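Subject: Structure handover

Hello,

Here is the structure for you to open. My notes come after it.

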Amino acid sequence: MTTEKNIQVINALYNGFSTGDMPTVLGLMDAKIQWNEAESNSLAVGNPYNGPDAILEGVFANLGANHEHFGLQDVKVHGMNDNMVLATMRYDAKVKATGKSYNAQAAHLWTLNDEGKITAFQQFVDTKKLADAEK
């Protein structure tokens with residue numbers, strides 16, 4: 001896959017996420033995707049999440065259940081070598097249990113295979129902001 005095609009896949013994923021189109025989001029993932037949340041993120045207890053179903057249940061369902069709202073702002077997608085894409089953004093969210101909001105800097109490192117399916121994800125985020133909002 002070319003860098004441009006990889007960027008298109010990741011942009012399609014973020015567009016699907018922003019509209020709640022989980023079939024599209026999950027459909028862009030390889031069946032054996034390995035997903036890792038940032039160390040010290042409360043969702044990292046399930047690392048690595050293997051396969052789209054594990055990601056849906058362990059990550060996306062928990063984000064929805066634990067937040068009044070969770071959105072991505074200022075997403076910028078950057079092509080890299082070796083079928084990798086880096087996305088930088090901010091998380092804008094409010095935790096249900098505490099009523100606390102956070103706006104945290106984040107980065108996502110995506111790896112794709114030659115067929116354009118996502119095979120790996122690594123999150124980098126200001127975990128202190130997330131943890132403070134959960135207390």
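Below are the notes on the pocket and the aromatic rings.

This is a predicted model: local features need pLDDT of at least 70, side-chain atom pairs count only at pLDDT 80 or more, and totals for chains, interfaces and linings use all residues. Residues are numbered from 1 along each chain as its sequence is written, and side-chain values use heavy atoms, with hydrogens and water left out.

The largest pocket has a volume of about 310 Å³. (On a 1 Å grid over the protein atoms alone, a pocket is an open set of points where a 1.4 Å probe fits, with protein on both sides within 12 Å along at least five of seven lines; lining residues have an atom within 4 Å of a point. The volume is the space filled by probe spheres set on the points, which are joined across faces, edges and corners.) It is lined by 26 residues, and Val59, Leu63, Phe70, Tyr91 and Gln123 are the closest to its centre.

Now the rings. The whole structure holds 8 aromatic pairs. (Rings of Phe, Tyr and Trp, the last by its six-membered ring, pair if their centres lie within 6.5 Å; planes under 30 degrees apart are stacked, over 60 edge-to-face, the rest tilted.) Phe17 and Phe70 sit 6.4 Å apart with planes at 85°, so they are edge-to-face. Trp110 and Phe121 are tilted, at 4.6 Å and 55°. Both Trp110 and Phe121 are buried (under 20% relative accessible area; exposed is over 50%, partly exposed in between; 1.4 Å probe, protein chains only). Phe17 is partly exposed at 22%, and Phe70 is partly exposed at 21%. Ring pairs link Tyr14, Phe17, Trp35, Phe60, Phe70, Tyr91, Trp110 and Phe121 into a cluster.

Best wishes
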